[in-house]
Structure formats: C-alpha cells, structure tokens
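Subject: Handover of a structure and the findings on it

Dear colleague,

Please find below the structure that I am passing on to you. My notes on it follow directly after.

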2 protein chains.
Amino acid sequence: MLALHPTTAVRPLHVKNRFAPTLHDVARRAGVSTATVSRVLNDPALVTESTRELVLGIVEELGYTPHFGGRALASNRSNTIGAVIPTMDNAIFARGLQAFQETLADAGVTLLVASSSYDDKREFEQIRALVSRGIDGLMLIGAARPKETYTFLDRRSIPYVLTWNYRPDEKVCFVGFNNRAAASDMARTVIERGHRHIAMIAGITASNDRASDRVEGVRDALDEGGLSGRDLPILESVYSLNDGRRACAAMLERKPRPTALICGNDVLAVGAITLAKSRGLRVPEDISITGFDDIELAEVIEPGLTTVHVPHRRMGEAAARALLAVLEGESNGRGLELETQIVMRDSLASPS
Amino acid sequence: MLALHPTTAVRPLHVKNRFAPTLHDVARRAGVSTATVSRVLNDPALVTESTRELVLGIVEELGYTPHFGGRALASNRSNTIGAVIPTMDNAIFARGLQAFQETLADAGVTLLVASSSYDDKREFEQIRALVSRGIDGLMLIGAARPKETYTFLDRRSIPYVLTWNYRPDEKVCFVGFNNRAAASDMARTVIERGHRHIAMIAGITASNDRASDRVEGVRDALDEGGLSGRDLPILESVYSLNDGRRACAAMLERKPRPTALICGNDVLAVGAITLAKSRGLRVPEDISITGFDDIELAEVIEPGLTTVHVPHRRMGEAAARALLAVLEGESNGRGLELETQIVMRDSLASPS
DNA sequence: TGAGCTAATGTAAGCGTTTTCAGAATTTCA
DNA sequence: TGAAATTCTGAAAACGCTTACATTAGCTCA
C-alpha cells in the first residue's frame, strides 16, 4: 500500500453500518415494495394516507436513514452545496458562512464546508473532493485562482458563486461587494481629512483578489487626490494581530512618519492601534488608523476603529439564494452587488 | 465563463449528468477493465507498472474524479468524519475546528461540518444527515443532548468524540478540559483577592453542559470559600457583546453592588467591561471582571481581560487524532483531558 | 354492467464503484 | 522442457436507492 500515507492505508477495522436498516428492510417489514417506501420519503403525495402512515411508522421504529451514496447514485442529485473558504478560523468568513448555511438549511439543502488554508492547490483538491461527493453547487471566496480550477468546474458544469468580492466588468457570478471601490472611498475620506503622508498595511495579495483590489482602490484614490498611488508605501502582512503590530512598527520608522495608516482589514488595524499606543502615540491625534470589514473587535478597541462595514450576513444569504435559484432553474445567473458603508468611529481625524 | 448560465449550469432533475467521466469511460479509453482502473486507483501495487501509467494518463486526460456515492455504496467506507457545532459564527469553535480539520486533512480524511444553532432537534437532524453520508466518525461539542441521539449513534455504531468539555466520572470519550474545575479555579482566584460580593453572568445553560459546568464550578469555589454558592446572583445571557452589556447593567443595579463579576465567556466579559466603563466605573478599581476562553478580544480590550485560557488548537488536534485512532482500530476510545490556565491581565484586582 | 378512467402500487433496470473468483499470462525450477 | 507457482487481468455480482414502465385496484358514468 501507499507508503506515503500510512494513516489512510490502514483500513478501519470495525464493520460499519452492519446494523443500518435499508430501504428493503423497511419495505419488507411494512409489506410493501421498495418503490413505495421511496415514494413515501420523497414524494408523499403519491401514496395513500394509510400506507404512508404505516411506512413512516416502520421508518421510525427501525431508525431508518436513507443511504446517501445510494440515493446520489440513483438520482444524480444530492441536495448538497459545497463551500471552500480559506480558513474557518476567521471572524470574517464565519459570519457570512453561518448565514449561508442557515439559508440553505431552510431550503432543505445541506452545506459541506472545506478549507484551503489560502493555498490554490489545496483549494483545488478540496473542490474535487466536494465535487466527487456530488455537490449541486459551490460557493467560493474571491476570484483569484488558477484557470484550471475554473476549467474543471465548467467541464463538470457545477454552478458556482464567487463571494466577498464584486467586479463590475467580469462575467462571472459575483455575490459580494466592490472591494476596490470601497477601499477607494475609505482612502478618499482619509485624504479629505487633510492627510498627505499616507501608508498602507495590506493583507497578502498573492492569490487574493480581495486584498489586491483593496490596494488598488487606495491607489486610485491617491491618484485622484493628486498624490501618487504608485508611491504609496505598502507592507503586506498575514492576518493576525501580531503581524499587524510588526508592520505598524516598521511603518512608524519611516521619515516622514505617516499621519495616516490605511489597513487592509480590521485585525491588522487593531494590531496597529495597540502598537501605536504602546509606543506612546495617541490615536488619532498623532496617527490616524483605518480598517476594513467591521468585525466585533472594531467596536471594542479604543479608540473605536473607523472602518468599512461589510454586510456579511446579507452576503451569505444572498449567495445561498443565488445558488438555490440556479438549482431550481429559475436564475439567469447574474450576480449581486452589495453596498458597503464607512463606519466613522474615533480612529480617524485630521492630522494635527 | 458564465458560472450560472442556465443552459449549461442547470442539471435537469431527471437527466443524468453527461459531463462527468466514469470509471467505465476511463477503462474503455485505456482498453482495460473497470476492475483494473479501480485497482490502479486504490491499490496500485496490484497492477503492472506499464498498465498503471497508461491508466493514470487517461485519468489525468479525462479529469476523472471517482464518484463518491458509488464508492461509498460499493465499499461501505467513506474516509470522512463529521462534526456538528452549535454555530460557525463563534471564534471559540472556529479555532478548534480549524485545527481539527487540518489534522484530519493530513491523514487524508475529509471533514464535513454542520451546525445546529444550539438546538437539540436540529443537531439530531444534522447528525442523521452526516450519518447518511456514511461518515466513519463524529465530533460533537459537549455532552448535553437527548438520550435518543446517543442511542442512534450507538445503534449505528458510529464512533464519536465529545469535545470542549471533560468530565472525569463519565465513561464517554471526552477530549477537552474540565470546565467545572477551571471555572472553580477562576472563582477561587477572585475570592482570594478578597472579593465577597460576587455575581456571575453565565451563558445559556439549557442543553449546554459547558455553560452549566462553569456555573457549578463557580458555586463550588464559593461554598469552599465560605460564601454560599446557592446564593450566587446569576444572569444567563446569549453569546453577544450587547447581551453582555445588558446583563452587566442589570447586575450593577443590585444592592450591594458586586465588586466582582465572573463571566461565563469572554464575549460576555468584554461586553460587561465596555458597559461598566460607559457608566463611569473603573475596571478593576471599582469592579473586577473575569472571562473564560481567552479569545483575541481578551487581549485587546482595555483593561486586558483576566480569563481562563483554553488550548483550542491542541484540543482540535487531539480530538482528530483520537477519532483517527479509533478508525484504525488502535484505540480503546479513552479520552484526553487538557489543562487550562488562568491568564492574569488587568481586569481583576482586590476590591478597594 | 362494464368500458374507460385515474390513482396506487409493484417490477426491475440502472446509477458508479469495489471485490470475489476464475482465467490468462508469465515466471520458476526440477 | 514442461508442470507448478506466481502475477496480472477481466467478468460479473453486489451495494442502496430512484424511477420508467407495467400492473392492479378503485372509480365514474353511460
């Protein structure tokens, strides 16, 4: 057997489902055919009330649960939708995903979640795993991934929705918000406050269109405001408080010191705020700091974080509905753009 | 590349999907039998090198992915483990779950996640859905659920692990920490600081053994410290900042006003801190507040939250390993108790 | 009454895999 | 060299379910 994966090579010893009753068991016990039992379960209207009750009783008594494999095989339908997110350990995805799942559950559709650890190859593997499980549709985060991934999906004709971003000019089905425009708005607000020395701490932009679009958005605003977008000092940083602190520390070394720090997400911004304060700087008097996402942290930190509010729950719901519509055959597959909103708290002010 | 274009995307409900290549397609193209292709994929050593390479080439060329349903049906095995958590939108579960999934992925096992919205019935439904998908094992949060759920799992002989709690005297397989003892430690620490007027804001204890064990732990410590555990003022509250604020406001009305507020989790504690501050109280000088979990928020709030640190990632990993061990038949199914630790920050001090 | 409906149920053919068993090809060794 | 042992490979039978089609039962109405 495979030496590479010794753990999987060893087959489970216990004999599974030895006691799992089958459709056939139910049918025999009820004295009807398997077809009838199947109908009771899938399309009860086709069956007389008395038979239905009889069968349901037996189902209950035996604790019967349909075997998904058999069902998927026979019907080529799974009532299942998949989602691949970069990581579960991130408040941003969690909220939207929870809403996505709730909307799906209300429609009787099961959600399977997998995570890619921000790795294109891993994402592809996970997509394959989901597809092989017969998912009827797929939700993905953002648009940046290898062409092969899309080719695979198209070849299998799996409908998919891209979320957490919206790009007006692309033909893919986005259900999300315009990261570039939103970041641009935020930067414009900063510029309007009178800041001229602006720096940015961005998320990692490789394979991450949300992060890179936010960078572009900030550059757009700078250019527009008569500052050079190309010369914007940028540091890319992993999504964690400590990395936000580190990046902020580096930015504070610059001469002249930036009077405003635009951060690619709230976690980085909060990290930056805590570092600035620990260095004896007052926020926003000595340095303004802005975020993006509006997670819980933004409201709790002192000073309150001025940031871009993203309607995560609404986005999750809308993505679910878009996918459900396609499955019902009642969608033209057009996407949906959601509005973001700048939340003014206390971390942004005019430079003194 | 219209993702949701109806003509290509919608699989008419009764028409078989003509796009996915099957084992048979691969076999025919390679000029071998389906048995050989299956062997190439599952047990390559059984096949001559030349045949193997030929087949693998075709697999690649066709973009073949085995159909999970067929496989599950034929082999009665799925290399899949399920998890049902109360909600995805909660930092506490997210971190442990991510670690759980990573450990599983390293072993070539897929994780299916479902969420129950803290509802016993819904949890049972989700478990059924997972079981019908042929999961080989299951992870659940806590121990409090109807007997029927356990009966069902036992009848199906699905091995399961209970996490986020550990109860020394029960013979179920727990991989977690002793909530009761940890809460007791925290309360003892508070008492040792000299507090006599202590109140508690707990999570909702119904169907939630973590929350109720924490309450019991605090009561234990009070009794032990010569204060009456039975008389502990308690408010139960949903997991959210605002509900924490509301509960704290109510507690501040009490005469005499508590000098210490023990909270069942960090979110409630942070909510309580922000409310206390907004009422002009100083924390910890006027009122001490403690939490439980040690999420990111605890480190960022001012003052830093004194709380119980839970090794979420280690717990997720350990739970995964425990389950994997059972699947390989090399485990007696005994659990594992992890240590928690009190993290002293600044929100706890002696009463003035 | 019975022809002609409709409604309810049954029969049986797959769906895509794995796996047992048997046969073919190759190697070994007396 | 030929029989026996050893590899490979293929045919075909499951696995649990859905569903097209066939059949039967229960009506209506002339």
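In what follows, a residue is near a molecule or strand if its C-beta atom, placed from the backbone, lies within 6 Å of it. The model is a predicted one, in which local features need pLDDT of at least 70 and side-chain atom pairs count only at pLDDT 80 or more, while totals for chains, interfaces and linings use all residues. Residues are numbered from 1 along each chain as its sequence is written, and chains are lettered from A and ligands numbered from 1 in the order in which they are written.

The DNA surfaces

DNA strand C is surrounded by 28 residues, of which B:Leu23, B:Ser38, B:His67, B:Gly70 and B:Ala74 are the closest. Two or more residues of this surface come from each of α3 and α5 of chain A and α2 (23–30), α3 and α5 of chain B. Helices here are DSSP runs of H or I with at least four residues, strands are runs of E with at least two, and both are numbered from the N terminus. α3(B) makes the largest contribution near DNA strand C, with 6 residues. By class, the surface near DNA strand C holds 12 nonpolar, 13 polar and 3 charged residues. For these classes, Ala, Val, Leu, Ile, Met, Phe, Trp, Tyr, Cys and Pro count as nonpolar, Asp, Glu, Lys and Arg as charged, and the others, Gly among them, as polar.

Around DNA strand D there are likewise 28 residues, and A:Leu23, A:Ala35, A:His67, A:Gly70 and A:Ala74 come nearest. At least two residues each are supplied here by α2 (23–30), α3 (34–42) and α5 (68–75) of chain A, and by α3 (34–42) and α5 (68–75) of chain B. The largest share near DNA strand D is that of α3(A), with 6 residues. This surface has 12 nonpolar, 14 polar and 2 charged residues.

The two protein copies

Chain B is superposed on chain A by a rotation of 180 degrees with 0.2 Å of shift along its axis, at an RMSD of 0.3 Å. The two copies are thus related as by a two-fold rotation axis. The superposition is by least squares on the C-alpha atoms of residues with pLDDT of at least 70 in both copies. Within chain B, the residue closest to the rotation axis is B:Gly69, whose C-alpha lies at 1.9 Å.

The contact between the chains involves 66 residues of chain B and 67 residues of chain A, where two residues are in contact if their C-beta atoms, placed from the backbone, lie within 7 Å. On the side of chain B that touches chain A, α6(B) gives the most, with 6 residues. That side comprises 31 nonpolar, 21 polar and 14 charged residues. Because 79% of the interface residues of chain B are also interface residues in chain A, the copies meet through the same surface.

The sheet

Chain B contains an open sheet of 6 strands in the order β2-β1-β3-β4-β5-β11, with parallel pairing; two strands pair if DSSP finds at least two bridges between them. Its edge strands, β2 (110–115) and β11 (336–338) of chain B, each pair on one side only. Strand β1 (residues 80–85) of chain B runs parallel to β2(B) and is joined to it by 6 bridges, with B:Gly82 opposite B:Leu112.

In chain A, 6 bridges likewise join β1 (residues 80–85) to the parallel β2(A), and A:Ala83 stands opposite A:Val113. All 6 of the 6 residues of strand β2 (residues 110–115) of chain A are buried, that is, 20 or more other C-beta atoms lie within 10 Å of their own; a residue with 12 or fewer is exposed and one in between partly exposed, with C-beta atoms placed from the backbone. The buried residues of β2(A) are A:Thr110, A:Leu112 and A:Ala114 on one side and A:Leu111, A:Val113 and A:Ser115 on the other.

Backbone points to check

Most residues other than glycine have a negative phi, and most peptide bonds are trans. The bond from B:Val283 to B:Pro284 is cis, with omega near 10 degrees, and B:Pro284 is in the loop between α12 (266–278) and β9 (288–290) of chain B. B:Asp294, which is not a glycine, has a positive phi of about 65 degrees and counts as buried, with 23 C-beta neighbours inside 10 Å.

With kind regards
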